Every structure is written in structure tokens, then in C-alpha cells.
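This report looks at strand pairing, nonpolar cores and pockets. The structure comes first.

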Amino acid sequence: MSGKIVLGPNQYGKAENRVVRVYRDTERHEIRDLNVSSCLRGSFEAAHTVGDQGSVLPTDSQKQTIFTYAKTHGDGSIEEYGLALARHFVDDVEPVDSARIELEEFAWQRVPVDGTGHDHTWTRTGPEVRIAAITVRGKGSAQREWVIGGVKDLVILKSTGSEFAGFLTDPFTVLQPAYDRILATSLTAHWRFAAPPADWDAAYSGIRALMIEKFATQHSKALQQTLFEMGRVALEAYPCLAEVRLSAPNKHHWSFDLSRFDVENNGEVFYADDRPYGLIQATVQREDAPDAGIAWEPYTGAV
């Protein structure tokens, strides 16, 4: 092969800015704890091919913007904050033709004191993390926006109501059918919006609650079936969604053999096996969902 060597797709930004925003408007403070990454795409060829930085907005400038906007544009949801940042970089920085903002939000809960939550003290909750990715491309009337919301590291377990049987076998199959097993996972779920919801925070809470409820109540013949049903109920309840993408490692729990000690184990004692694990992924979408465009093109991989 002897074709000309040229620059391919490229992007740059400031990854993982740890922004903590405290709201002190009243004596009862509020807190939002974020990890924010900015990604710019555009006319940066000269920076790569000849080292000309004339079109490159420093990543430090992006960091300063991220922190400043946490004060000036940070009174709403993480999606609104991300949209404000992405629009700024596209609208106000001439060489930039698209911007992507990836956000993680770490949850805190108030410390209970005398039966109520303390006004300005919290403990971290988790391990689950709320996530969002906002992409804005184009200027003026040609501008398009994509918003993805979601959650990751949502650890969930049911002790019954799950089976796995009737599967394909081959000469290497040793797994026995299971008709009553633990089903556990650390779920990552992303949902792409076709239109803005009335309330971004309420949409997040509602979608998350619906999917957890379906995990609990769906008698599962396979983790695949459970994931599809979780995505389906979210799409049915929220017409503003175009698709839901789910990724779930099967966190296996194996019944521990106590028979050698003359002790019965009637589905009560298990060994939690963290590796290897099945990794199940699925997309549940509307047939008429609008084109995803560049919504899923990642930067850090956090979303």
C-alpha cells in the first residue's frame, strides 16, 4: 500500500474535572458532586501536521469554563449544565464544529440528626453514578443537539425469580439448568432522548425507578429477557426517549457445597464469583427513533 498519509478523526479536551457545587442560598445547603469532561472537534489539522496551535483553545481554558459555568449555569440538572457548556464551545469558539460534554454525578445523602437530615453534612452513597453525555454540532440554524442520560454501577440482586434452562449445548457444555437462582448484576444503562423531558431530574429518577421495579417483578428466564423488559417499560412510560442501551455483567452466585459437613444448603449459602462473568448487552429502541447521529461517539468512555 502506498496511499498518501493523512490525518483522520481527532478530538481533544479536558478530561475529568472534579467539580463540587455547593448551594448556599439558605441555611440548608445543597450539593452536586460532578466529574466533567469536555471534548472539542473541528478544524485542528494544522496542530497535528505542523504544530500550529492557532486554532486550539487550551484545555486549561476549557477547565476554567467548566468551573465558571458551574456557578453561572449550574442551577439546573446536569443535562442543562452540559448543554450550556456544549453550546458555548460550538457557538463562541470559531474553529469548533462540535462539542461533547460527558458528566458523572456522585450522590450524597444528608446525615440524620434528631430525626431529620442535617443542613450541611452528607455521606456519600453509591456505588451507582448518574451519567450524561451532551453533544452539540453545527452553528446557527444548522445546529443539532443530542442528549444521553443514564446510570452506571447500579448493583442489584434478586434471590429468586430467575432461571436459566433450555439453552444450546455442545461437547464442552457442563453447565446444568437452573430453575431457581440468584440474579445479580452491576447495571449500566444509557437512554437517548428524542426530545427534552419536562424535567430532566424527574425523568432520571422515574426511568431509574421503573427499570429497578421491572428487574424485581419480572420472572426472568434469562438476563437477556430482563434487560429487554427494563428497556421496554422505560420507553413506554417516556415518549421522549428514542432508545435505551443496557450493559449487564452476570454476577454469578454458586450454591456452596455443605454436604461434606452433613449440613443442608437449601439455597441459603452461596459463593460470589466475580470472574469470569457473562456480559450481556442489548439495545431497546423505537422503530421510528430519530437518527442517533454522533450521539454515541465517545470521548473518555465514561458515557
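## Strand pairing around β9

Strands β8 (residues 183–193) and β9 run antiparallel and are joined by seven bridges. Two strands pair if DSSP finds at least two bridges between them. Strands (E, at least two residues) and helices (H or I, at least four) are DSSP runs, numbered from the N terminus. In this pair, A189 stands opposite L246 of β9.

β9 also pairs with strand β12 (residues 278–285), in the antiparallel sense, over eight bridges. Here L246 stands opposite A282 of β12. Strand β9 (residues 241–250) is mostly covered, with nine of its ten residues buried. Buried means under 20% relative accessible area, exposed over 50%, partly exposed in between (1.4 Å probe, protein chains only).

## Basis of the model

This is a predicted model: local features need pLDDT of at least 70, side-chain atom pairs count only at pLDDT 80 or more, and totals for chains, interfaces and linings use all residues. Residues are numbered from 1 along each chain as its sequence is written, and side-chain values use heavy atoms, with hydrogens and water left out.

## Nonpolar cores

The largest nonpolar core has 53 residues. Such a core is a set of buried Ala, Val, Leu, Ile, Met, Phe, Trp, Tyr and Cys residues joined through side-chain atoms within 4.5 Å. V36, Y81, W191, M211, L241 and L246 have the most contacts inside this core. Helix α3 (residues 78–92) gives the largest share, eight residues. Apart from this core lies another, of eleven residues, among them V129, I294, W296 and V303.

Y81 touches L34, V36, I66, Y69, A70, H73, G74 and L103 (heavy atoms within 4.5 Å). Residues up to four places away in sequence are not counted.

The largest pocket has a volume of about 560 Å³. Of its 22 lining residues, A178, R181, H252, H253 and W254 are the closest to the centre. A pocket is an open set of points on a 1 Å grid over the protein atoms alone, where a 1.4 Å probe fits, with protein on both sides within 12 Å along at least five of seven lines; lining residues have an atom within 4 Å of a point. Volume is the space filled by probe spheres set on the points. β10 supplies the largest share of this lining, three residues.

The second largest pocket has a volume of about 370 Å³. It is lined by 17 residues, with R32, E105, F106, A107 and W108 nearest its centre.
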